[in-house]
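Please look at the chains first, and then follow the topics one by one.

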Amino acid sequence: MANGIAAKAPASSPARRMTMQKLMRRRSTTALALALPLIVLISTLVIYPAFYAVYLSMLDRTMEHFTGLRNILFLLHFDTFWMVVKQSCLFAITAVIFKALIGFVTSHFVHNLPAKGQRKWRGMLLVPWVIPTAMSTIAWFWLFDPSYSAINWLLAKFGIESIPFLGVPGWARFSVILVNVWYGAPFFLIMYLAALKSVPDQLYEAAAIDGASWWQKVWYVTLPMMRNIIAITMLFSLIVTFANFDIVRILTYGGPVNSTHIFATWAFALGIQGNNIPMGASVSLFMLPILGVAAYFILRDINRRGSSV
Amino acid sequence: MSASAQAIGPRAAAKPSSLKRSRRWALWWSYVFLVLFAIFFLMPPVYMLIMGLKTSGEIAAMTNPWWVFHPTLENFKALLGSTQYLTFFRNSAVIAVAVVIITMLIAVPAAFSLGRMKFWGSTTLATGVFLTYLIPDSLLFIPLFKIMAWVHETTGIALLNHWWALIIIYPTLTVPFCTWIMIGYFQSIPKELDEAALIDGAGYIQMLTKIFLPVALPGIIAATIFAFTVSWSEFLYPMAFTVSTDQLVLPVGIVTTLIKGDVYNWGQIMAACLMGAAPPLIIYAFLMDYYIAGLTAGATKG
Amino acid sequence: MAQVTLRKLVKHYDETPAVRGIDLEISDKEFVVLVGPSGCGKSTTLRMIAGLEDITGGDVLIGGEVVNDVPPKDRDIAMVFQNYALYPHMSVYENMSFGLRLKKTPKDEITRRVQNAAQILDISELLERKPKQLSGGQRQRVAMGRAIVRDPKVFLFDEPLSNLDAKLRVQMRTEIKKVHQKVRTTTVYVTHDQVEAMTLADRVVVMNGGNIEQVGTPNDLYHSPSTKFVAGFIGSPAMNFLPCALDEAAGGLRVRLSDQLSFPVPQERTARYRPHLGRGRLLFGLRPENIMEQRPHLEANQNPFEVELEVTEPMGMETLVYFLVQGMEVCGRVNPNAGARDGKRIKLVADLNNMHLIDDESGKVL
């Protein structure tokens, strides 16, 4: 066997290249076989439905007639739709900014603590992220409840009039954002804390020797070093917040008078509850542009990091 | 010259103590603010516990909502004796465990293939996997709803309003991210390790099972935790695809069946939420480092 | 019988050539070191012998058989990696026995072999530990143990010592040599460190830019390098190279380094150098140890000259002195008691018995 190879190989180099190719091919086949379930899952249950949604949005209510862009055009002339667009943007952008701010501040505070206590605090502060949102939102729902409101009870102790948290549009909008910030800020805290830990101490020491104040250290050392993480975490969060469903569904269900509806809850109300699947699909498709933009930036960052390695 | 030396002298002597003092102040402020944030962050779960321990009578009496005057475990007992609640719990548990298994069976080999074997198009595919992670459930639930209805019409298999159908759908939420985490972990393993294994005579499958799985165990635990918590707390899909009381999972069950009209049995609802939140909280308490590793892996690796 | 033969071995990464067709014959039981700067193709060559890289052209033969298409596990080789590549989740024993277990070797045979190897390397007490609990030197031993256990035809070492600190590196170097003397397996060893190459090798292969510059015993390479690259690469501090002119002078030849400085070429070399008389772009090469302090009795071809020192570096057993000739820095090694100090004018001696003349155009030593 071995002799056979020895005798054959030096004579014919094309034959050898064949076997080498065969080896490479077998490797690729194994690799493809291992990745196949993933490919099948993603293409049938993610990619295909995504395109199917586009098709669905072009049908009429009975789903028997193709109507082209009529659903989209209808939405563009519908006041409630524009309210939902505005509320979705307000909800996502405000929430992400506050999550990032709180995350940034708290991560610095935790980072300040002696190493021994950090674990405990970090563990405590991440709890909102761990509790399933549906369940914590129910607790918030009751904290905001007009007659039993535990928050209003506290405010009354300080002589502040009770607030209709979920009853009037302005406060309802504030409340859904507050709950989203409460739920998402810990995630930012963890990400930023990890980023802070990755900044080498020598940089701060060098900055201190160069005479930098605390603010200057944050501005010239921390922020530039964390820039990537800050950006990517915000983009991620923007996508997730934009597509949020649970909080609004449980807290206000879009009310009062649709003032807190965002794309996902409105699409649900129209599509599943209202039994107008094409219209629901059309609404949810309006999430695509912002998702696309965020995805583009995330991808660019990943590719850049990938090529720099 | 000597004057400046004198001027420096006392200041240099005073410096260490002022440094120490400013550091102590910084620490003190950190604690003050962290306590405030902790109160904010822990308010809802603590409130759940307080209310869960109250009787309906105490709640209706509108006494101090932040204190339990007559603590009772009645609410918890009632829930544990309620077949309905136990059904929700069972549905959630079976789904979560099944989804974890399916996810790992799909994600780990795929990550090994994409991260380590490097075939034609593997980088593109890895990026594609990541992109699908960014497609939210709120974009997919309507087409999936229609597809499930279509499957029923053509094959007679009723997917809608059956809790087990969620086992097929949930992996779309977990697999992309878990694959992404595992690619990161696999890629961080030095390439010499597979070369050593290759020389030792291991094939690709042996390399995966005997070398990569044990070495990447922390990543696998992190991915498992992620898959479990995501399936445990998913709300939109079960909300859209299941209706009958016996087909609901915990989050939806609590929201739709316990909250009935105007008669809220708040003590029981809060107890239900608390027990529903327990599995992820327990996992988190014991495996916090893996949990956090999984969280941060998405952005820092890859 | 385990000689290794490379025949016109070529490796291209995409279009970039890494190894440009090398021929090498390594005989049974020989310890051969491939040495060269990073990117010279030495590691690629080793990895082609191991079967970890596919071959673009040419042949690799192990024990007389072409193994180009034989997968690594069937080549009967063992490899020690730079970062050890120990399986972190396995104990030392499991690490060493992994290959044998995959081959379904009987249990008592595995135990016997592992214990034997552990004894050779003096790691018998470490068998139950995990790699994490070992020091760098111990990990290195385990990595070698893993190689020895397999009792292969060929040992391949890929920069095995470069992750160790200086002191440990010297110690492990001796260790590797001892092990080779015990097991007598054909060994191919890759390093960028010429001292390691010189001390370990039966024969050294100097590589540069994907080609073999020279193959020879350490002594050969040191005393008669065949190219400027080898002359400059082997030896530390490196050989001094100075542009020079070759002139006819009374009764012989002279190398002229500057208007003030010229030396007579040793008589026995005149015949060898005469054809290059008057040629441009010649380099005069002399190792630092051949530039020493003035001494009372000069031997033949030892020529005194005077210079002003730029910098001196006392090393303890000797002092390195640096001075300029035509703007080029030249290094010499003098006795620490010779009174060399920065900026001092001093008399030195150039020993031309060990001089080299190099054609700078072709890089060949003449």
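Is the crossing of α10(A) and α11(A) left-handed or right-handed? In this model, which is predicted, the crossing of these two helices of chain A is right-handed.

**Helix pairs in chain A**

- Helix α10 of chain A covers residues 201–209 and helix α11 of chain A covers residues 214–242, and their axes come within 10 Å while crossing at roughly 140 degrees.
- Angles over 145 degrees count as roughly antiparallel and those from 65 to 115 as roughly perpendicular, and α10(A) and α11(A) are therefore oblique to each other.
- From α10(A), the residues A:Leu203, A:Tyr204 and A:Ala207 meet A:Lys217, A:Tyr220 and A:Val221 of α11(A), and by class this contact has five nonpolar residues, no polar residues and one charged residue.
- A second pair is made by helix α7 (residues 133–144) and helix α9 (residues 169–198) of chain A, whose axes come within 11 Å and cross at roughly 135 degrees.
- The helices α7(A) and α9(A) are therefore also oblique to each other, and α7(A) passes α9(A) in a right-handed crossing.
- On the side of α7(A), the residues A:Thr133, A:Ser136, A:Thr137, A:Trp140 and A:Phe144 take part, and they meet A:Ser175, A:Val179 and A:Tyr183 in α9(A); by class, this contact has four nonpolar, four polar and no charged residues.

**A helix pair in chain B**

- In chain B, helix α11 (residues 217–233) packs with helix α14 (residues 266–286) at an angle of about 160 degrees, and the two axes are 10 Å apart.
- That angle makes α11(B) roughly antiparallel to α14(B), and the crossing of α11(B) and α14(B) is left-handed.
- The residues B:Ile225, B:Phe228, B:Thr229, B:Trp232 and B:Ser233 of α11(B) meet B:Pro279, B:Pro280 and B:Ile283 of α14(B), and by class the contact has six nonpolar residues, two polar residues and no charged residues.

**Where chains A and B touch**

- The contact between these two chains takes 74 residues from chain A and 74 residues from chain B.
- On the side of chain B that touches chain A, helix α1 of chain B, which covers residues 2–52, gives the most, with 14 residues.
- By class, that side of chain B has 61 nonpolar residues, twelve polar residues and one charged residue.

**Domains of chains B and C**

- Chain B is divided into domain 1 (2–41) and domain 2 (74–300), and the centres of these two domains, taken over C-alpha atoms, are separated by 47 Å.
- For chain C, the domain assignment gives domain 1 (4–227) and domain 2 (240–365), and the C-alpha centres of these two domains lie 39 Å apart.

**A four-stranded sheet in chain C**

- Four strands of chain C form an open sheet in the order β2-β1-β4-β5, and their pairing is antiparallel.
- The strands β2 (16–26) and β5 (65–66) of chain C stand at the edges, where each has a single partner strand, so one side of each is left without a neighbour in the sheet.
- Strand β4 of chain C (residues 57–62) runs antiparallel to β5(C) and is joined to it by two bridges, and C:Ile62 stands opposite C:Glu65 in β5(C).
- Helix α1 of chain C (residues 42–50) lies across β1 (4–13), β2 and β4 of chain C, and it runs at about 115 degrees to β1(C).

- Six strands of chain C form an open sheet with antiparallel pairing, in the order β13-β12-β11-β14-β20-β21.
- Here β13 (262–264) and β21 (364–365) of chain C stand at the edges with a single partner strand each, so one side of each is left without a neighbour in the sheet.
- Strand β12 of chain C (residues 252–256) pairs with β13(C) in the antiparallel sense over three bridges, and C:Arg254 has C:Pro264 as its bridge partner in β13(C).
- Strand β17 (residues 319–325) and strand β18 (residues 328–334) of chain C pair in the antiparallel sense over seven bridges, and the bridge partner of C:Leu320 in β18(C) is C:Arg333.
- The hairpin of β17(C) and β18(C) has two residues between the strands, and in this hairpin C:Gln326 takes a positive phi near 55 degrees.

Terms used
Residues numbered from 1 in each chain as written. Chains lettered and ligands numbered in written order. Predicted model: local features only at pLDDT ≥ 70, side-chain atom pairs only at ≥ 80, totals over all residues. Contact = placed C-beta atoms within 7 Å. Nonpolar A, V, L, I, M, F, W, Y, C, P; charged D, E, K, R; others polar. Pairing = 2+ DSSP bridges. Axes fitted to C-alpha atoms, helices over the stretch in contact; angles between N-to-C directions. Parallel < 35°, antiparallel > 145°, perpendicular 65-115°, else oblique. Left-handed = near helix turned anticlockwise from the far one by under 90°. Domains from an automatic or database assignment.
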